[in-house]
Amino acid sequence: MKRTAKVISMALAATMVFSTSAMAAETFIIGGIGPTTGAAASYGTSVKQGAEIAIAEINGAGGVTVGDTTYELALEWADDEASEDKAPQAYNTVMDAGANAIMGCVTSGACIAITSQTYQDGILQITPSGSAEGCIENDNAFRICFSDPEQGVAMADYMVETMGISKIAVIYNVADEYSSGIQEAFEAEVAAKGGEIVASEAFQTNDVDFNAQLTSIKNTDAEAIYVPAYYQDATYITKQAGELGMSLPFYGSDGWDGVLGTVTDASTVEGVIFTSPFCASVEDEKVVAFVSAYEEAYGATPDQFAADAYDCVYTFKAAMEQAGSIESEDMIAAMPEISVSGQTGDPITFDAAGAAVKDVKFVTIKDGAYTFVE
Amino acid sequence: MALITSILEQLLNGLRIGSVYALIALGYTMVYGIAKMINFAHGDIIMVGAYALYVYVSLLKLPPVLAVILTIITCSVIGITIEKVAYKPLRKAQPLAVLITAIGVSYLLQNLSLLIFKATPIPFGSIIKVPSVKLAGLNISGLTIVTLVVTVAVMVGLTLFINRTRMGHAMLAVSEDKGAAELMGINVNRTISVTFAIGSALAAVAGILYISQYETLLPTLGALPGIKAFVAAVLGGIGSIPGAMFGGIILGIIESMSKAYISTQLSDAIVFSVLVVVLLVKPSGILGKLKAEKV
């Protein structure tokens with residue numbers, strides 16, 4: 001009798017083990033690579049944190065179901081200090097930890113440094129934020145963020161076609177790759193769409209006085225000014241334009257996000273329109289949910305790097321579900337078919353080159369707050 | 001007509017920037033005249049002035065006029081203190097030692113403000129609220145008017161001070177010959193202190209005008225105007241007070257004009273080329289006097 005009881009209990013225990021193992025999720029490991037120390041640490045930290053929010057959300061909702069297996073997502077992070085030398089080592093670290101796919105690298109240079117290795121290994125690689133063309137050269141590599149020229153092209157189309165502006169002045173930072181990259185693409189696209197660049201004024205990093213450039217623009221027949229630059233530059237430029245009595249509308253690039261924190265008088269940037277893949281202060285249900293979860297977890301406002309990483313994790317999820325497999329080969333094949341509803345685009349799809357296809361969003365400042373352009 | 005308006009407007013831009021350079025250059029030139037040293041920390045006094053104004057206006061909520069006066073006093077006191085602590089012990093040392101000390105003081109001031117106010121730029125709204133004026137198609141901003149008026153007033157006041165007061169004469173005497181001045185009963189130490197106080201007060205005024213124009217506080221904000229003003233002082237003739245005024249304004253106009261009509265990227269190169277040419281033709285600067293060394 002005693003023996004029977006033991007057998008039954010063992011059988012019960014065995015069933016429990018089996019049933020839990022059928023329910024218990026397998027783990028899908030995302031190998032994240034990016035700088036969490038060094039000069040670009042804020043980018044890597046944002047990506048890591050943004051990804052963790054998405055992972056917590058997905059796991060909280062029951063994980064990812066592929067066929068009859070449920071996977072929990074996990075992030076295995078390695079620091080590459082945004083360095084080309086450290087990135088391959090970081091890649092090996094996450095691969096040794098059993099990474100199923102790679103999220104990274106965060107910066108373009110480091111990303112390019114591992115592309116040939118990930119290609120050889122045939123692993124799915126998605127960079128949330130590497131904007132250089134070389135990042136997605138191989139078939140296994142994809143990108144979430146816009147490339148710099150794409151932004152310039154989108155704004156050129158918007159200004160010329162939607163707003164009907166034909167004479168445009170540009171102020172850009174000649175010493176900065178981001179700014180001059182957008183400026184080149186913008187000017188080419190404006191010309192292609194039949195618009196005219198009436199002034200193209202350069203400045204350099206750390207310049208604070210833009211009166212000469214603005215005065216030159218003032219004496220042209222420009223109808224609007226496009227400034228692909230960072231928010232600190234935009235702060236000086238808009239203020240000085242106001243003092244010169246200029247009332248031309250300003251347009252900007254995603255570097256303008258944050259300008260409300262640096263201007264002393266919000267009326268100087270009232271009505272400006274800039275391209276932005278993500279804007280934390282916009283009153284949108286999905287954005288608010290992400291921002292509040294992020295703020296609660298890290299006590300900081302997510303930036304576009306965090307949003308790109310968030311979308312990157314959801315892209316992995318979509319690829320797994322579409323492929324019905326967690327093999328990189330299948331997921332890579334599934335990438336062109338997926339559609340992700342993310343923070344930086346809704347929907348986000350991927351073209352043959354591996355770049356994300358999503359609508360460029362336009363943010364405007366209305367009554368001293370950021371809102372999406374309707 | 002449009003071209004003329006454009007040139008006039010660029011000229012005004014140049015005058016405004018040049019006025020600020022001139023105010024700073026005066027400090028370089030006066031200190032050089034008296035103490036025979038380049039006070040490289042002078043540019044950072046502008047930064048101290050800007051932050052001091054911010055503390056008085058935004059943090060302590062003092063009325064603007066009082067805040068301006070306190071800012072000027074603060075900078076003067078800091079100027080005198082720097083001289084007493086860092087430069088006075090080195091008065092008989094080699095010029096190179098003094099120069100290196102001045103650079104050290106410059107870093108000290110920058111890093112102190114970095115420590116206290118952190119690296120994130122602080123937006124600080126202008127305390128000068130004067131509406132802009134339209135004059136024959138020209139739009140002159142209120143700040144430009146205030147800057148020009150203040151600069152002219154300061155220059156007239158300084159010229160009167162130096163030529164009409166005993167202390168002014170003492171300064172001229174000390175700059176001419178320190179030893180002889182001392183023998184004539186002039187208190188050299190006090191004269192040097194007053195020079196540093198006035199130089200720093202002028203830097204404070206420049207700092208106030210600068211921050212009202214650009215509205216963003218940075219620990220390094222004084223570095224670039226400081227260097228430009230130093231160039232202005234050398235251009236005008238270091239040691240010469242009219243030279244510093246002239247040099248500053250000329251520099252501002254060259255900078256503005258070359259940005260507008262030649263190239264924004266080359267404007268600094270053009271400014272420095274002008275300096276090189278002037279020094280080749282007239283090594284003592286435009287208004288500088290070349291003193292014959294009696295051997």
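Predicted model: local features only at pLDDT ≥ 70, side-chain atom pairs only at ≥ 80, totals over all residues.
Residues are numbered from 1 along each chain as its sequence is written, and chains are lettered from A and ligands numbered from 1 in the order in which they are written.

**View 1. Strand β14 of chain A and its pairing partners.** Helices (H or I, at least four residues) and strands (E, at least two) are DSSP runs numbered from the N terminus, and two strands pair if DSSP finds at least two bridges between them. Strand β11 (residues 273–275) of chain A pairs with β14(A) in the antiparallel sense over 3 bridges, while β14(A) and strand β15 (residues 369–372) of chain A are antiparallel over 4 bridges. A:Ile365 has A:Tyr370 as its bridge partner in β15(A). The hairpin of β14(A) and β15(A) has 2 residues between the strands, and A:Asp367 takes a positive phi near 50° there. Strand β14 (residues 362–366) of chain A has a covered face, formed by A:Val363 and A:Ile365, and an uncovered one with A:Phe362, A:Thr364 and A:Lys366.

View 2. Six strands, in the order β2-β3-β1-β4-β5-β6 (chain A), form an open sheet with mixed pairing. At the edges stand β2 (64–66) and β6 (141–143) of chain A, each with a single partner strand, so one side of each has no neighbour in the sheet. Neighbouring strands of this sheet are turned by 30° against each other on average, direction ignored. Strand β1 (residues 26–34) of chain A runs parallel to strand β4 (residues 101–104) of chain A, joined to it by 4 bridges, and A:Gly32 stands opposite A:Met103 in β4(A). Helix α3 (residues 86–96) of chain A lies across β1 and β3 (69–79) of chain A, at about 170° to β1(A); axes are lines fitted to C-alpha atoms, for helices over the stretch in contact, with angles from 0 to 180 degrees between N-to-C directions. Helix α10 (residues 304–323) of chain A also packs on the sheet, touching β1, β2, β3, β4 and β5 (125–127) of chain A, and its direction makes about 25° with that of β2(A).

**View 3. The contact between chains A and B.** Two residues are in contact if their C-beta atoms, placed from the backbone, lie within 7 Å, and the contact takes 23 residues from chain B and 24 residues from chain A. On the side of chain B that touches chain A, the elements giving two or more residues are α1 (2–35) and α10 (241–261) of chain B, with the largest share, 7 residues, coming from α1(B).

View 4. Of the 21 residues of α10(B), 17 are buried (20 or more other C-beta atoms within 10 Å of the residue's own, C-beta atoms being placed from the backbone), so the helix is largely enclosed by the rest of the structure. B:Val271, found in helix α11 (residues 267–281) of chain B, counts as buried with 20 C-beta neighbours inside 10 Å. Leaving aside neighbours within four places in sequence, B:Val271 is in contact with B:Val231, B:Leu251, B:Ile254 and B:Glu255. B:Ile254 and B:Val271 are 17 residues apart in sequence and 6.6 Å apart in space, C-alpha to C-alpha.

Terms used. Buried ≥ 20, exposed ≤ 12 C-beta atoms within 10 Å, placed from the backbone.
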